[in-house]
Amino acid sequence: MDDDPISAFGLATVPVGIAVVLLFFVVLARSHATYWAGRGVTRGAQYVHDSDRGFAWWRSTMEHLERWTSTRAAQRGLDLVRRWGAVAVTLAYLTVGLQTAVFASAGLIRMRYLRFTLASIPGSLAWAVIWATVGFGAVWAGVRLFVASPVAAIAVVLLLAVAIGWGVRRRLQRNAATAQHEPAHPGRHAAESDA
């Protein structure tokens with residue numbers, strides 16, 4: 001493999017600006033598709049509750065998605081969007097593991113589409129800049145490490161997995177401890193506000 005992975009894959013001629021623009025549109029499309037999926041779940045759930053008609057697979061899918069809205073991740077996204085509104089959408093682009101819940105939650109609570117769009121533009125731009133620079137740099141560093149020493153690359157991946165597992169375990173234990181002291185609340189998926 002060439003010493004420079006970017007050159008080896010023919011990406012050395014792609015200016016950073018073009019990479020930022022392409023990534024901007026990719027992440028913008030993903031977030032808006034997730035938003036509209038959230039809107040669709042709300043409408044589908046209302047239809048399922050209001051009617052006995054429809055295909056069994058559609059009703060089953062809507063019921064499954066409605067149950068998803070009661071999960072911890074969905075509740076966290078819903079709570080963030082209800083509390084912070086459009087700011088939660090913008091900042092969600094800078095998170096890992098929370099983006100989908102926030103974007104879907106914005107659709108679930110029927111945030112105005114113009115407000116969602118205006119909030120998603122700066123977030124998408126920040127995400128695109130980060131991935132076009134630092135993100136791809138980290139990926140290429142991983143590729144270079146694997147080419148230089150596959151054993152070292154596997155060791156790094158295992159260490160990261162252990163660290164993430166430890167963090168997740170601590171968080172689950174902490175959440176379990178607080179759940180014992182808080183009363184449970186039913187799933188809140190319906191459109192309650194226009195954040």
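Buried residues make up 29% of the 195 residues in the chain, where buried means under 20% relative accessible area, exposed over 50%, and partly exposed in between, with a 1.4 Å probe and protein chains only. The model is predicted: local features need pLDDT of at least 70, side-chain atom pairs count only at pLDDT 80 or more, and totals for chains, interfaces and linings use all residues. Residues are numbered from 1 along each chain as its sequence is written, and side-chain values use heavy atoms, with hydrogens and water left out.

**Overall fold**

- The chain has eight helices and zero strands; these are DSSP runs (helices H or I, at least four residues; strands E, at least two) numbered from the N terminus.
- Along the sequence the pattern reads α-α-α-α-α-α-α-α.
- Of the contacts in the chain with a separation of 6 or more, 73% are between residues 24 or more positions apart; contact means heavy atoms within 4.5 Å.
- The chain has an accessible surface of about 12,500 Å², and carbon and sulfur atoms account for 68% of this; areas come from the Shrake-Rupley method with a 1.4 Å probe, and for residues only the protein chains shown count as cover.

**Nonpolar core**

- The largest nonpolar core has 27 residues; such a core is a set of buried Ala, Val, Leu, Ile, Met, Phe, Trp, Tyr and Cys residues joined through side-chain atoms within 4.5 Å.
- Val-81, Val-89, Val-102, Phe-103, Ala-106, Met-111 and Phe-116 have the most contacts inside this core.
- Two or more residues of the core come from each of H2, helix H4 (72-84), H5, helix H6 (99-108) and H7, and H2 supplies the largest share, eight residues.
- Leaving aside residues up to four places away in sequence, Val-102 touches Gly-77, Leu-80, Val-81, Ala-88, Val-89 and Ala-92.

- The whole structure holds eight aromatic pairs; rings of Phe, Tyr and Trp (its six-membered ring) pair if their centres lie within 6.5 Å, and planes under 30 degrees apart count as stacked, over 60 as edge-to-face and the rest as tilted.
- One of these pairs, Phe-24 with Phe-25, is edge-to-face, at 5.2 Å centre to centre and 75 degrees between the planes.
- Phe-24 is buried at 14% relative accessibility, whereas Phe-25 is exposed at 52%.
- The ring centres of Tyr-35 and Tyr-113 are 5.5 Å apart with planes at 40 degrees, so this pair is tilted.
- That pair links distant parts of the chain, with Tyr-35 in helix H2 (residues 16-50) and Tyr-113 in helix H7, 78 residues apart.
- Tyr-35 is buried at 0% relative accessibility, while Tyr-113 is partly exposed at 35%.
- Tyr-35 and Tyr-113 belong to one aromatic cluster with Trp-36, Tyr-93, Phe-103 and Phe-116.
- His-32, in helix H2, is buried with a relative accessible area of 10%.
- Not counting residues up to four places away in sequence, His-32 touches Tyr-113, Phe-116, Thr-117 and Ser-120.

**Surface patch**

- A nonpolar patch on the surface consists of Trp-84, Val-87, Leu-91, Leu-94, Ile-130, Trp-131, Val-134, Phe-136 and Val-139, with about 840 Å² of accessible area together.
- Helix H5 (86-92) and helix H7 (113-148) are the elements that give two or more residues to the patch, and H7 gives the most, with five residues.
- Patch residues have over 30% relative accessible area and no salt bridge; like charges are joined within 9 Å, and nonpolar side chains (Val, Leu, Ile, Met, Phe, Trp, Tyr) within 5 Å.
- A salt bridge is a side-chain nitrogen of Lys or Arg within 4 Å of a carboxyl oxygen of Asp or Glu.
- Val-87 lies in helix H5 and is partly exposed, with a relative accessible area of 43%.
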